[in-house]
Amino acid sequence: MDQPTDTITAAPDKAVNQGLSQAAELSVILPTFNEAANIPLVLELLRKTLEGVRWEAIIVDDNSPDGTTDVSRKIAASDPQVRVIRRIGRRGLSGACIEGMLASSAPFVAVMDADLQHDETLLPQMLAELRSGNYDLAVASRKVEGGTVGEGLSKVRAWGSNIANGLAQKLLNVSLTDPMSGFFMIRRDKAEELAPKLSSQGFKILLDLVSSAGGTLRIKELPFTFKERLHGESKLDTLVTLDYFGLLMAKYFGNVVSVRFLMFGLVGASGLFVHLLALKLFLDMAGLEFNLAQTGASFVAMTSNFFLNNQLTYRDRRLTGLGVIVGLLTFYAVCSVGVLANVGVANLIYSDPSYWWFAGAAGAIMGAVWNYAASSALTWRKS
């Protein structure tokens with residue numbers, strides 16, 4: 001049967017026949033959000049670059065409102081080398097990458113952005129390194145000799161990336177020159193082995209993989225230049241920095257607590273500063289008596305914490321529309337009970353004035369645990 005020649009909806013005959021005759025050796029995972037304009041372009045580039053390779057593309061889309069899933073499925077309908085996973089009710093680059101890798105049966109899986117900032121011509125070299133059997137992971141690095149940030153990052157983002165790289169190397173003893181890279185290829189059996197240790201939250205799947213492996217991966221770094229985005233929007237936002245620090249802390253402490261709980265704690269810590277600032281304003285500017293000012297400051301801090309948690313900690317369950325109002329009210333209720341738990345535990349422990357700090361800390365921890373558990377189950381419960 002003749003195949004259509006339109007590259008937006010179909011692949012060339014040779015690629016289709018090749019994909020049907022043998023299983024893929026390489027799966028290219030493309031996590032997407034609002035990449036409808038880029039999908040046809042990146043797939044065409046992959047066809048040209050990977051000619052002669054048995055490959056497939058697995059597009060993992062976080063229910064993009066721009067129709068990325070529809071565009072991808074239109075192509076997949078006539079091209080068996082393209083598969084699509086649509087995720088509803090969950091978001092996050094790391095989670096999308098993990099789902100894509102676990103959906104593959106190929107011996108090798110590559111992760112790259114669909115925004116055309118990653119140089120797809122590096123894929124054959126990555127594949128050759130892994131085929132040799134000498135390496136488990138091939139990483140495209142902007143930091144090794146020959147690599148460069150290029151025009152893909154602003155000066156501010158490049159500066160932030162350098163700081164993040166340094167922290168990862170020092171805190172987690174990660175030997176990678178560019179642990180912030182999002183472009184790599186790994187043996188699928190290694191990815192499957194590490195998958196239970198990985199966090200589905202966050203944006204730095206490579207750092208998570210390498211730190212979780214504990215130095216057991218044989219790594220080859222290859223130089224590449226980070227290109228400028230052509231269409232769509234970046235999957236990163238200003239809150240990703242906190243998300244990244246949460247991942248660093250979780251890995252540093254051996255995954256004793258989850259990244260989500262650490263994010264919740266960081267947001268709670270920011271709420272303390274908001275509370276004190278609001279209290280000062282209510283006392284000095286509004287002239288309220290202390291109890292009323294304290295109550296008002298508590299609600300200001302809870303409101304701040306709710307919106308930060310909604311944007312960061314529970315970004316994969318983010319509330320919108322009327323759900324924001326309902327969620328805020330349930331969060332008020334949850335935190336009010338948390339205050340009672342805090343005071344109750346502190347009173348039980350407090351017996352000697354010299355140990356006030358221990359009683360206070362125990363109460364605060366109990367309140368934080370309650371707030372996290374209850375808000376996860378009620379405010380941001382899984383739908």
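Which strands does helix H5 (residues 123–131) lie across, and at about what angle does it run to S6?

Tutor: A quick word on ground rules. This is a predicted model, with local features needing pLDDT of at least 70 and side-chain atom pairs counting only at pLDDT 80 or more, while totals for chains, interfaces and linings use all residues. Residues are numbered from 1 along each chain as its sequence is written, and side-chain values use heavy atoms, leaving out hydrogens and water.

Now to your helix. H5 lies across S1, S4, S5 (137–141), S6 and S7, and runs at about 25° to S6. Helices (H or I, at least four residues) and strands (E, at least two) are DSSP runs, numbered from the N terminus; contact means heavy atoms within 4.5 Å. Axes are lines fitted to C-alpha atoms, for helices over the stretch in contact, and angles run from 0 to 180 degrees between N-to-C directions. Helix H8 (residues 205–213) packs on the sheet too, touching S5, S6 and S7, and its direction makes about 35° with that of S6.

The sheet itself is open, with seven strands in the order S3-S2-S1-S4-S6-S5-S7 and mixed pairing; two strands pair if DSSP finds at least two bridges between them. S3 and S7 (219–223) are the edge strands, each pairing on one side only. On average, neighbouring strands are turned by 20° against each other, direction ignored.

Let's go in through S1 (residues 26–32). Seven of its seven residues are buried, where buried means under 20% relative accessible area, exposed over 50%, and partly exposed in between (1.4 Å probe, protein chains only). Leu26, Val28, Leu30 and Thr32 point one way, while Ser27, Ile29 and Pro31 point the other. For scale, buried residues make up 48% of the 383 residues in the protein.

S1 has a parallel neighbour in S2 (residues 55–61), joined by seven bridges, and Ile29 sits opposite Ile58 there. S1 also pairs with S4 (residues 108–111), in the parallel sense over four bridges; Leu26 has Phe108 as its bridge partner in that strand.

Beyond S4 comes S6 (residues 184–187), where four bridges hold an antiparallel pairing. Val109 stands opposite Ile186 in S6.

The chain gets from S2 to S3 through helix H3 (residues 68–76), in a right-handed β-α-β crossover. A crossover is right-handed if, with the strands pointing away from the viewer, the path from the first strand over the helix to the second runs clockwise. S1, helix H2 (residues 39–49) and S2 also form a right-handed β-α-β unit.

Those two connecting helices meet as well: the axes of H2 and H3 come within 10 Å and cross at roughly 40°. H2 brings Ile39, Pro40, Leu43 and Arg47 to the contact, and H3 brings Thr68, Val71, Ser72 and Ile75. By class, the contact has five nonpolar, two polar and one charged residues; Ala, Val, Leu, Ile, Met, Phe, Trp, Tyr, Cys and Pro count as nonpolar, Asp, Glu, Lys and Arg as charged, and the others, Gly among them, as polar.
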